[in-house]
Amino acid sequence: MTITKTSDGRVLVTDDEPGIREDLADYLSNLGYEVATAADAAGALDRLSQAEYDVLLLDDMLPDETGLDTLPRLLDLYPDLSVIMMTGYPTIKSVIAAMRRGACDFVVKPFELNELKTAVERAARRSRWHSGRTVTDSHRPEPTV
Amino acid sequence: MEHPSILVVDDELLIRDLLYDFFQGQGWEIAVAESGEKALEILREKKVDVLLTDLRMPSMDGMVLTSQVRREYPNLPVVIMTGYPSVDSAVSALRARVADYITKPFSVNDLYKRVESHLRSQEEGTE
């Protein structure tokens with residue numbers, strides 16, 4: 001199926017820190033993504049039940065449940081979703097857990113915005129590939145961050 | 001899969017021997033290589049169901065081997081084992097879509113369970 005769309009993909013940013021949510025949402029919107037935000041795991045599940053997303057940016061330290069604990073449940077419900085784990089406290093164990101639970105990427109805070117941009121692009125491509133969709137959009141705004 | 005095949009890549013003879021005996025005892029077909037270069041030669045010659053590779057090896061290391069394998073055999077599950085784990089190398093492995101990242105020392109039985117589960121997932125995915 002070929003779809004024509006007006007953005008580079010839909011991204012859900014889940015982080016309990018409002019400043020991070022807003023900064024990431026602004027940055028990704030400027031890159032051409034449609035962005036929604038959630039402050040916790042329940043909020044993310046709620047958002048995902050209401051609309052289709054290509055990429056989920058998922059902080060590990062959420063107030064209601066860790067991102068890593070939420071991850072398998074999310075992917076059971078939305079197997080085509082590409083999940084990028086984010087954490088300020090990375091351990092080898094947490095990266096391995098993310099890998100085994102199906103995350104497609106792992107970014108360590110604080111990160112360079114360019115690193116995030118690359119990760120989201122890769123994740124969006126993966127998601128489209130998994131769902132068998134082709135994107136035909138030619139207007140990609142220049143990043144303005 | 002009746003007789004799955006595994007390629008074990010490690011520059012340490014002791015590990016190669018240990019895994020050779022173990023997987024053979026489980027009825028697997030096993031090939032071993034002491035370097036990434038040798039592993040690529042073997043992959044070109046015979047069918048392999050799972051690749052198990054050490055990370056730190058002289059000349060071609062496990063990540064370089066993995067990248068090459070990803071290009072040439074995109075569906076081959078790769079399991080990394082390392083005695084020098086780090087967040088950076090685990091993240092690189094995740095991004096390279098390896099099936100697993102196992103730290104040394106490991107229990108051979110645990111390793112076997114993980115390798116077997118990835119092989120099963122691969123089979124289910126291709127059915």
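This is a predicted model: local features need pLDDT of at least 70, side-chain atom pairs count only at pLDDT 80 or more; totals for chains, interfaces and linings use all residues.
**Chain A.** Traced from the N terminus, the elements follow the order β-β-α-β-α-β-α-β-α-β-α-β. Of the 145 residues in chain A, 46% are buried. Among contacts between residues at least 6 apart in sequence, 68% join residues at least 24 apart. Chain A exposes about 7100 Å², and carbon and sulfur atoms supply 50% of that area.

**B:Q68.** Next, select B:Q68, found in helix α3 (residues 62–72) of chain B. The residue is partly exposed, because its relative accessible area is 21% and buried means under 20%. Leaving aside residues up to four places away in sequence, B:Q68 touches B:L40 and B:R44.

**The largest pocket.** Turn now to the largest pocket, with about 1500 Å³ of space. Its lining has 35 residues, and those closest to the centre are A:R126, A:H130, B:R97, B:V98 and B:A99. To display the helices around it, select α3 (67–77), α4 (92–100) and α5 (113–131) of chain A with α4 (87–95) and α5 (108–126) of chain B; each supplies at least two lining residues. The lining comprises 16 nonpolar, nine polar and 10 charged residues.

**The second largest pocket.** Finally, go to the second largest pocket, which holds about 230 Å³. Centre the view on B:K47, B:V48, B:D49, B:N75 and B:L76, the closest to its centre of 13 lining residues. Helix α5(B) gives the most to this lining, with three residues. By class, the lining has seven nonpolar, three polar and three charged residues.

Definitions and conventions: Residues are numbered from 1 along each chain as its sequence is written. Chains are lettered from A and ligands numbered from 1 in the order in which they are written. Side-chain values use heavy atoms; hydrogens and water are left out. Helices (H or I, at least four residues) and strands (E, at least two) are DSSP runs, numbered from the N terminus. Buried means under 20% relative accessible area, exposed over 50%, partly exposed in between (1.4 Å probe, protein chains only). Contact means heavy atoms within 4.5 Å. Accessible areas come from the Shrake-Rupley method with a 1.4 Å probe; for residues, only the protein chains shown count as cover. On a 1 Å grid over the protein atoms alone, a cavity is a set of points where a 1.4 Å probe fits but cannot get out, and a pocket is an open set with protein on both sides within 12 Å along at least five of seven lines; lining residues have an atom within 4 Å of a point. Grid points are joined across faces, edges and corners, and a volume is the space filled by probe spheres set on the points. Ala, Val, Leu, Ile, Met, Phe, Trp, Tyr, Cys and Pro count as nonpolar, Asp, Glu, Lys and Arg as charged, and the others, Gly among them, as polar.
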